[in-house]
Amino acid sequence: MSIDILVIGLPALADDMLNRQAPDRGWTLHRPGPDGLPAPEVAGRIVGVAASGAATVDARLIDALPALKIIAVHAVGYDLTDVAHARSRGVVVTHTPDVLNDDVADLALLLALATLRRLPAMDAYVRAGRWASEGPPPLSRRASGLKYGLLGLGRIGRAIAERLTPLAGEIAYHTRRPVADAPWRHVPNLVDLAAQVDVLIVIVPGGASTRGLVSAEVLAALGPNGVLINVARGEVVDQDALVAALTSGRLGGAGLDVFADEPNAPQALIDSDRCVLTPHVASATVETRQAMAALMIANLEAVLAGRPPVSPVPD
């Protein structure tokens, strides 16, 4: 008897791994139609959903799948999945934590260094022949010895802080409550943290509770020499306020891997030589994407076999 799984928006590597492994597990894979739902003759048989972190798995879709047992999200973030509604239907929701910590932390550090030292602008300066015609470019800022702040100190936040430790003059962080055994200074108020640091790195989950958390007030506190790094979710930052702060010179620079309306980035950010922009690629290495896909498949396999999930989303 076939085991039917709905696949929504997986990255190419994960999609390929799932396609290759599905026959050995007796899984039949289906894709949603233009309305976002599987064909009516299939919907009643779907027991699993494999979805990218950018795919919306809402109450409408969940209710269209009466036999659904598991939603396996191929990402750490699951803010586009209606977890509460899934649980009300007895559906398990899983994600892929830990396996991408190092890559995301590496990119956060790379964005900080590249923004402070203006590496893309320096590269463009050489390529355009301006070094030869105009002489040395304007000076950039050093990265070592600065004060770094972290908005969020989960698994990835800790990995970022550990990478910063040999480099930073000071590291502080903001969370709702101090993190047990964290050696870095906790700042209870985000505006206060922004006012105290040179670089603010955003690494918190998305969703309603964090939308717009990095507000115009936070950006003003960070100031004209401050740098914002975002490897979390685009909606955590008030993007209009960010554009206004950068274009007016009230913020020193930004390194962004995420945006409010992906894959679209505001033209003002694209045009700014004080921004370093990447297309949501913090976890986009072959090694990490293979590990994420393997964990997603392991969660599907466990739940569909009647075993506990490997990495359920937290309560």
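Trainee: Which strands does helix α1 lie across, and at what angle does α1 run to β2?

Mentor: This is a predicted model. Helix α1 covers residues 12–25. The strands under α1 are β1 (3–8), β2, β3 and β4. To β2, α1 runs at about 145 degrees.

Trainee: Helix α13 packs on the sheet too; which strand directions is α13 compared with, and at what angle?

Mentor: Helix α13 spans residues 286–304. It touches β1, β2, β3, β4 and β5. Its direction is compared with that of β4, and the angle is about 175 degrees.

Trainee: In what order do the five strands of the open sheet stand?

Mentor: The pairing in this sheet is parallel. The edges are β2 (27–30) and β5 (92–94), each pairing on one side only. On average, neighbouring strands are turned by 20 degrees against each other, direction ignored.

Trainee: Which residue of β4 is the bridge partner of G48?

Mentor: Strand β3 takes in residues 46–52, and β4 takes in residues 70–74. The two pair in the parallel sense over five bridges. The partner of G48 in β4 is I70.

Trainee: How do α1 and α13 cross, left-handed or right-handed?

Mentor: Their axes lie 9 Å apart, and the packing angle is about 35 degrees. From α1, the contact residues include L13, M17 and L18; from α13, they include A293, I297 and L300. The contact divides into 10 nonpolar, two polar and three charged residues. The crossing of α1 past α13 is right-handed.

Trainee: What is the volume of the largest cavity?

Mentor: Two cavities of 30 Å³ or more are counted. The largest has N230, G234, V237, Q239, L242, L256, V258, F259 and A260 in its lining. That lining holds six nonpolar, three polar and no charged residues. The volume of the largest cavity is about 50 Å³.

Trainee: Which elements each supply at least two residues of the lining of the second largest cavity?

Mentor: The second largest cavity holds about 30 Å³ of space. Its lining includes A114, T115, P120, A121, C275 and V276. Five lining residues are nonpolar, one is polar and three are charged. The elements asked for are α5 (101–116), α6 (119–127) and β12 (275–277).

Trainee: How much space lies in the second largest pocket?

Mentor: Among the residues lining this pocket are T115, R118, R141, N225 and R274. The lining divides into three nonpolar, five polar and three charged residues. The space in the second largest pocket is about 180 Å³.

How values were computed. Residues numbered from 1 in each chain as written. Predicted model: local features only at pLDDT ≥ 70, side-chain atom pairs only at ≥ 80, totals over all residues. Heavy atoms only, no water. 1 Å grid on protein atoms, 1.4 Å probe; cavity = no way out; pocket = protein on both sides within 12 Å on 5 of 7 lines; lining within 4 Å. Points joined across faces, edges and corners; volume = space filled by probe spheres on them. Nonpolar A, V, L, I, M, F, W, Y, C, P; charged D, E, K, R; others polar. Pairing = 2+ DSSP bridges. Helix = DSSP H or I, 4+ residues; strand = E, 2+ residues; numbered from the N terminus. Axes fitted to C-alpha atoms, helices over the stretch in contact; angles between N-to-C directions. Contact = heavy atoms within 4.5 Å. Left-handed = near helix turned anticlockwise from the far one by under 90°.
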